[in-house]
Amino acid sequence: MKLSRRSVSTALLSMALLTGTLAGCSAPADNANSDVNAGASSGKFAVDANTLVFGVVPDSVDTETNYTPLMDYIAKQTGKTVQYHESTDYAALIEAANAGKIDVASFSGFTYVTAKNHGAKLTPISSIVTKAGEEPGYFSQAIVPKGSSIKSYADMKGKKICFVDPSSTSGYLFPSYNLLMADIDPKKDITPVFAGKHDVSVKKTAEGVECEAGFAEDSEVVKSDKVQVIGETKVPGAPVVMSADLPADLQTTLTETLKEVTIDQIIAAGIKNADSEAFRSVFHETKPVTDSYYDTIRDICKTTNAAQCQ
């Protein structure tokens, strides 16, 4: 995506990065960052050398179900127990990464960049592609209730607007950028409402009460027949990342496992529920990405001076 549509207002909302507490089953403090067992290659784990903690933010009610076949595949390929770890929000996932409480994770692009800016030791491996023939990436969509008089970003001025989370790539950073393109200050010129999840943002927008318009990822928008899309922007694909503190040989195994894997390979490995409509709707294959792939997000952060990027 090219960022030079026109000059951006230098003012972006100064809301600081939300901090959260880690949710779900976190490891006891005395186990966090524990050294690997004697005889294993040098490295650190969130819990222990037999466990990989897989961190996510619950973007929808189906998040855990969607990730289960992939986690089971990782477990089979590495010989480790893979523990699902659900953070309360994006800021909590960043906090978990900084504290060494996750080993592998699915980040949004914005969350990854922000985590790196805060010193998290993460290495991107790949990005999930949901359909054959596609490249990594998805769309941040601007939505309104069907029949709404709001037809463009410019029409959102003075309205109640649903975002997902202040650290969401498609649910906040790109929407804020697009609003600035329309000469709308996301802090002063609208009433922001943070829904917490993409599907909730879609639901609230469809209802048209708390939110007269909103933003969400296209994979959730398509599920609703009560909203219509009035604009969209391509977003770099969300990365699957691993901790750079893991043993080097395990990092190699994880890279080989996750860099380029197809749903057919996962099914062939005998993973339960991989050959299902639910998993096929969210996973077709992974394609490799590197840190530089997320420079587009860094450019937006630099251009807008977004406080959340700092």
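Trainee: Which residues of strand 3 lie on one side and which on the other, and are they buried or exposed?

Mentor: In this predicted model, T51, V53 and G55 sit on one side of strand 3, while L52, F54 and V56 sit on the other, and all of them are buried. Both faces of the strand are therefore covered, since buried means under 20% relative accessible area.

Trainee: What explains the every-other-residue pattern?

Mentor: In a regular strand the side chains alternate between the two faces of the sheet. As for strand 3 (residues 51-56), 6 of its 6 residues are buried.

Trainee: How do you know that strand 3 pairs with strand 4 and with strand 5?

Mentor: Pairing takes at least two bridges between two strands. Strand 3 and strand 4 run parallel and are joined by 6 bridges, and strand 3 also pairs in the parallel sense with strand 5 (residues 104-106) over 2 bridges. Both counts reach the cut-off, so both are called pairs. You can find G55 in each pairing: G55 stands opposite H85 in strand 4 and opposite A105 in strand 5.

Trainee: What is the strand order in the open sheet of 6 strands?

Mentor: The order is 4-3-5-12-6-13, and the pairing is mixed. At the edges are strand 4 (81-86) and strand 13 (285-288). What makes them edge strands is that each pairs on one side only. From one strand to the next, the twist averages 30°.

Trainee: In which sense do strand 6 and strand 12 pair?

Mentor: Strand 6 (residues 122-129) pairs with strand 12 in the antiparallel sense, over 5 bridges. One place to look is S127, which stands opposite P239 in strand 12. Helix 3 (residues 109-117) lies across these two strands and runs at about 175° to strand 6.

Trainee: Why is S243 called buried?

Mentor: S243 has a relative accessible area of 9%. The cut-off is under 20%, so S243 counts as buried. S243 belongs to strand 12 (residues 239-243). Setting aside neighbours within four places in sequence, S243 is in contact with I102, D103, K121, L122 and Q251.

Trainee: What makes the approach of S243 to D245 a polar contact?

Mentor: A polar atom of the S243 side chain lies 3.1 Å from the backbone nitrogen of D245.

Trainee: Which residues have the most contacts inside the largest nonpolar core?

Mentor: They are I102, F107, Y112, L122, L173 and I297, in a core of 33 residues. The elements giving two or more residues to this core are helix 2 (90-98), helix 3, helix 4 and helix 10 (295-304). Helix 2 supplies the largest share, with 5 residues. In soluble globular proteins, nonpolar side chains tend to be buried together.

Trainee: What does I297 touch beyond its neighbours within four places in sequence?

Mentor: I297 is in contact with G109, F110, V113, T169, L173, F174 and P236. There is also a second, separate core of 28 residues, which includes L246, V261, I266 and A274.

Trainee: What is the order of the open sheet of 5 strands?

Mentor: This sheet is ordered 9-8-10-7-11 and has mixed pairing. Strand 9 (191-194) and strand 11 (227-235) are its edge strands, each pairing on one side only. The twist averages 25° from one strand to the next. Inside the sheet, strand 7 (residues 138-145) and strand 10 (residues 213-217) pair in the antiparallel sense over 4 bridges, and A216 in strand 10 is the bridge partner of Q141.

Trainee: Which helices pack on this sheet or lie across its strands?

Mentor: Helix 4 packs on the sheet, touching strand 7, strand 8 (160-163), strand 9, strand 10 and strand 11, and its direction makes about 90° with that of strand 11. Helix 5 (residues 198-207) lies across strand 7, strand 8, strand 10 and strand 11, at about 155° to strand 10.

Trainee: How do you know whether G171 is buried or exposed?

Mentor: The relative accessibility of G171 is 0%, which is under the 20% cut-off, so G171 is buried. G171 is found in helix 4 (residues 169-181). Not counting residues up to four places away in sequence, G171 touches F163, V164, D165 and H198.

Technical notes. Residues are numbered from 1 along each chain as its sequence is written. This is a predicted model: local features need pLDDT of at least 70, side-chain atom pairs count only at pLDDT 80 or more; totals for chains, interfaces and linings use all residues. Side-chain values use heavy atoms; hydrogens and water are left out. Buried means under 20% relative accessible area, exposed over 50%, partly exposed in between (1.4 Å probe, protein chains only). A polar contact is a pair of N or O atoms within 3.5 Å; within protein, one must be able to donate a hydrogen and the other to accept it, and residues adjacent in sequence count only if both atoms are side-chain atoms. Contact means heavy atoms within 4.5 Å. Axes are lines fitted to C-alpha atoms, for helices over the stretch in contact, and angles run from 0 to 180 degrees between N-to-C directions. A nonpolar core is a set of buried Ala, Val, Leu, Ile, Met, Phe, Trp, Tyr and Cys residues joined through side-chain atoms within 4.5 Å.
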